Amino acid sequence: MSTAATAPTPGPPLWLLAELTYACPLHCAFCYNPVDFAAHEDELSTEDWLRVLNEGRALGAVQCGFSGGEPLQRKDLEILVSQAHRLGYYTNLITSGIGLSEARIAALKRAGLDHIQLSFQDSTREVNDFLSSTRTFDLKRKAAALIKAYDYEMVMNCVIHRLNIDHVERIVELAVEIGADYLELANVQFYSWAHVNRDALLPTRDQLERAEAAVETWRARLDGRMKLFFVVPDYYESRPKKCMNGWGSVFLTVAPDGVALPCHTARMLPGLAFPNVREASLADIWYRSEGFNRYRGTGWMKEPCASCPERERDYGGCRCQAYMLAADPAAADPVCDKSVHHAALLATVERAQHADEAAAIPLVFRGRRESAELKRPF
């Protein structure tokens, strides 16, 4: 039976994520770009991206995120933002802040950019720069000041993991200091480079509980003056999340080389050919491609998902996580305690409780082969 035939007819892709480039000045050990990102260097041209924006808006997309890598590496970023604004998108720049000069933020403001999310790796120069394998903390502070000066809401993001989760209180203090209106403390999800470094990055239960308690204390102290979000890592859940709000339901990602994906890590899945926007329209990709229809809805499911009363709440969880942990993208996400592979996930979590063993594991930084020789400063 064809999965395309049994998949429900989707609504429009409300969120278009334009991954403009895999180029990035940072080398984060938890980067979500593909581990083989260097093999995908044939970036879309300005004209290609303008056509993608037009087609996405015609399909019904209302939000457009510009990400990477580092989207500021693209010299045509302002052109693309201007076109997205003219088409009526709500536009969001997801950036490390490196390359955000006053001239560029002024140009982005004129182009109509609505929103900027700025990432930090930690609260101090020493740890931030170690975790990104760069000297960028001071540049990020300057970018934060520019964002405030140009009257944007300050939205700060910090990926949380074993090596910085004990610094959560200081990270919140940094967010307050730079005037953040929103702080997202997103525990790392183990895809791509984070999966390579999983055993070094997965926090312990005690770390997670202390961090959650610290966040609750800060929420009470801030009393609504800053929105504070804390996302628990999937590995410590017993029920999976509805990945990307459902496969091919809301999100459409276009990678730097033009491959269209239902999520930014889906190209890892075997047996799926995802179309390229150079060769197919977004409408054909969204509604008719096998890649987008394969895991839509519930018709593709096997047990225990097929008869689960929660199948339309979580849609079986994450297909990429199922592939990485169960070697089967059609399996129940092993995060679910009904999965036959849940015990393997629990064993991984149990290993994480041994601090000395985790501390001895070398980090592999994005794009660096000599990273194992780097010593941790903490």
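Me: What makes a stretch a helix or a strand here?

Reply: Both are DSSP runs: helices are H or I with at least four residues, strands are E with at least two, and numbering goes from the N terminus. Helix α7 covers residues 168-177, and helix α10 covers residues 205-222.

Me: How do you know whether α7 and α10 are parallel or antiparallel?

Reply: Use the angle. Axes are lines fitted to C-alpha atoms, for helices over the stretch in contact, and angles between N-to-C directions run from 0 to 180 degrees. Angles under 35 degrees count as roughly parallel, over 145 as roughly antiparallel, 65 to 115 as roughly perpendicular, and the rest as oblique. The axes of α7 and α10 cross at roughly 30 degrees and come within 9 Å. So α7 is roughly parallel to α10.

Me: Which residues make that contact?

Reply: Contact means heavy atoms within 4.5 Å. α7 brings Val168, Glu169, Val172, Glu173 and Val176, and α10 brings Ala211, Ala214, Val215, Trp218 and Leu222. By class, the contact of α7 with α10 has 8 nonpolar, no polar and 2 charged residues.

Me: What makes a residue nonpolar, polar or charged?

Reply: Ala, Val, Leu, Ile, Met, Phe, Trp, Tyr, Cys and Pro are nonpolar; Asp, Glu, Lys and Arg are charged; the others, Gly among them, are polar.

Me: How are α2 and α3 turned relative to each other?

Reply: Helix α2 (residues 46-59) and helix α3 (residues 77-87) pack at about 20 degrees, with axes 10 Å apart. Therefore α2 and α3 are roughly parallel. Their crossing is right-handed. Thr46, Trp49, Leu50, Leu53, Asn54 and Arg57 of α2 meet Ile79, Leu80, Gln83, Ala84, Arg86 and Leu87 of α3. The contact of α2 with α3 holds 7 nonpolar, 3 polar and 2 charged residues.

Me: What about α3 and α4?

Reply: The axes of α3 and helix α4 (residues 102-111) come within 8 Å and cross at roughly 20 degrees. So α3 is roughly parallel to α4. α3 passes α4 in a right-handed crossing. Leu77, Glu78, Val81, Ser82 and His85 of α3 touch Arg104, Ala107, Leu108 and Ala111 of α4. The contact of α3 with α4 divides into 5 nonpolar, 2 polar and 2 charged residues.

Me: Why are β7 and β9 called edge strands?

Reply: The open sheet of 9 strands runs β7-β6-β5-β4-β3-β2-β1-β8-β9, with mixed pairing. Strands β7 (227-231) and β9 (260-261) each pair on one side only. Two strands pair if DSSP finds at least two bridges between them.

Me: How do you know that β5 and β6 pair?

Reply: Strands β5 (residues 155-160) and β6 (residues 182-187) pair in the parallel sense over 6 bridges. Met156 stands opposite Leu183 in β6. α10 packs on the sheet, touching β6 and β7, and its direction makes about 165 degrees with that of β7.

Me: What makes the bond from Gly68 to Gly69 stand out?

Reply: That peptide bond is cis, with omega near 25 degrees. Most peptide bonds are trans. Gly69 lies in the loop between β2 (63-67) and α3.

Me: Where is pLDDT under 50?

Reply: pLDDT is the predictor's confidence in each residue, from 0 to 100. The chain has a mean pLDDT of 92, and 95% of its residues reach 70 or more. Residues 1-5 stay under 50. Residues 368-374 are also below 50. Where pLDDT is low, the predicted coordinates should not be read in detail.

Terms used: Residues are numbered from 1 along each chain as its sequence is written. This is a predicted model: local features need pLDDT of at least 70, side-chain atom pairs count only at pLDDT 80 or more; totals for chains, interfaces and linings use all residues. Side-chain values use heavy atoms; hydrogens and water are left out. A crossing is left-handed if the near helix is turned anticlockwise from the far one by less than a right angle, and right-handed if clockwise.
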